[in-house]
Amino acid sequence: MSDVIRVVDARSAANTGRGSLRTELIIKRTLQWSVLVTALVIVVFPLYWMLVTAFDPPSLSYTSQISLLPKRLTFSAMAQLLREYDFLLWMWNSATVAIISTLLAVVVGTLAAYSLARLRYPGRGFLAGVFFLAYIFPATLLVVPVFVILSVLGLTDDYIGLILSYLIFTVPFCTWMLRAYLTSIPPELEEAALVDGATRVQAMLLIILPLAAPGVAAATIFAFTLSWNEYLYAFILMTDSTKMTLSPGMTKLVFGDIFLWGMIMSGATLMSLPVVLLYFVAQRFVVSGLTAGSVKG
Amino acid sequence: MALRTASVPVPSRRRFRLPRDAMLGYLLLAPAILLLLVLVGYPFLTAVVMSLQKKLIGQAVAPFIGLDNYISLLMDRTFWVVVRNVLIFAGASVAIKLVIGTAVALALNESMPARGIIRSIMILPWALPTLVAVLIWMWMYSDVGGVFNSVLMGAGIVERPILFLSDPVLAMVSVIVVNIWRGFPFFTITLLAGLQTVGGDQYDAAKVDGANIVARFRHVTLPGLAPVMAVVTLLSTIFTLNDFAIVWLLTKGGPGNATDVLSTLTYKVAIRGLELGKGVAVSVLMLPLLIVLIVLLTRFINKREGAG
């Protein structure tokens, strides 16, 4: 602290006056906007290119002629994708698996998070640590044994198997994120209810859960996104084309003989749509939830 | 009178609340713990046991072979190439993500028009499925009609297409670039949140004293942000070390083993090569590094929780 002040004092001596302040503001704004513009171009261009390719597919003739602007707008690639592949079925499968595993994880995770955040009992800190460990536990290490176990049970190429393997990361994630959120709700509210004669369960359902709604919403969105976006388990567990979710299904498009990029980018656009919409609609929850969950956790 | 009747039940309930809270606590925790035991604990033990067996796909009997899987991996030059690869991949990715993520977070932390929209756009690569990010870049990298090669050749900068994914060194760079593109927003959002708690009085004091922008960053912002940076860096390192989709889809670990990481080697040995036991041993060998990272992470998080 005193170090900071001493250094600051030393610099201030050499650096006073209104001129330097104005120069500094200009430098700062220039820096700020050059960082932002560069980052925006880097972020947006690939997405733009995905859309351009999806709606104005390149001809398959091998030319190096390229136009950065789309010449026309056509749904032909998308139509071809839907005609030739079970894309809509994969999308439906992805939605089913993601929604069911999310709902299960949010319910189980909320109860566990309430317990870890609000109730006192021996072993609580240790158990909270177990959830965090499970959250960061590498899927690479679990996927092979999970594959072997599910094979024995006959649950590969089965939604139940995939949903169970998604619970591996959604349950610890929801628990960990909601624990942080619930800890930030002041205990006085609940204690007042208890003094007034409410039971613990009543206090939890009627006082705490309504207050935690934004956190629960954020956890739901994240759990859905994690499941919808998941690659490794889906890729290894689902090999039957009629049971596939989007991740293994789209992989089939890529590892075919010819790369039909118009079709692949149409698929990529359709796969991105639900999560992007969700993020824009629920941005408020997402940012506040992320703040509580991942860092303060 | 009224006071006395009110005060009597309170202590008695207090006395009872502890065991009752504990019971409810364990009860609410039970479903989640049960799931973790079945879905994480049991597979993990299975993994350890499998790594000590000669377990092949399609064979019922798996003889116990002790540490043979580990020994043959540790004697294998390929394994060490892969270890080097994963360290380069994760090290470079995380370092650059930290720098870009911090710069963008600092830029976004200032007041400006359309801040909300710009922030939403910056999050996009991270919200998208990894698969989508990889497919887009794969298409841009392509030597047949890919946008990078088309532009470079159109401008006469190169004569022949650059083989982004089949030159050993370039392939690693290309894979790292995709990881950075997808991963830097995670740093940006978490650091942006961290910045809300930094500064305040110290920042104002430094400003009044005339400390310039660099001095303020070095002596106020950076020390305040350091704990968040440590946590997000460690988390990202753990996730990057385990990345499968980016490497697998872009290069399948090739050319040769040039971009193979532990996750792709696990897949190749266990599923493609049918040697389940040995494949699992590959990822078990990641544990020592992982444990170090987790211990560091726990320490930082506890410090933050203690302070906050």
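Into which domains is chain B divided?

Modeller: The model is a predicted one. In it, chain B is divided into domain 1, residues 2-51, and domain 2, residues 68-307. Taken over C-alpha atoms, the centres of domain 1 and domain 2 of chain B are 37 Å apart. Contact between them involves 4 residues of domain 1 of chain B and 6 residues of domain 2 of chain B. On the domain 1 side, the touching residues comprise 3 nonpolar and 1 polar, with no charged residue.

The contact of chain B with chain A may be described next. Here 86 residues of chain B are in contact with 88 residues of chain A. Helix H2 of chain A, residues 18-55, gives the most to the side of chain A that touches chain B, namely 16 residues. By class, that side of chain A has 63 nonpolar, 18 polar and 7 charged residues.

There remains the largest nonpolar core, which has 175 residues. Within this core, A:Leu167 and B:Val134 touch the most other members. Helix H7 of chain A, residues 159-183, gives the most to the core, with 16 residues. Leaving aside residues up to four places away in sequence, A:Leu167 touches A:Ser101, A:Leu104 and A:Ala105 in chain A, and B:Leu35 and B:Leu39 in chain B. As a general matter, nonpolar side chains tend to be buried together in soluble globular proteins.

Key
Residues numbered from 1 in each chain as written. Chains lettered and ligands numbered in written order. Predicted model: local features only at pLDDT ≥ 70, side-chain atom pairs only at ≥ 80, totals over all residues. Contact = placed C-beta atoms within 7 Å. Helix = DSSP H or I, 4+ residues; strand = E, 2+ residues; numbered from the N terminus. Nonpolar A, V, L, I, M, F, W, Y, C, P; charged D, E, K, R; others polar. Core = buried A, V, L, I, M, F, W, Y, C linked by C-beta atoms within 7 Å. Buried ≥ 20, exposed ≤ 12 C-beta atoms within 10 Å, placed from the backbone. Domains from an automatic or database assignment.
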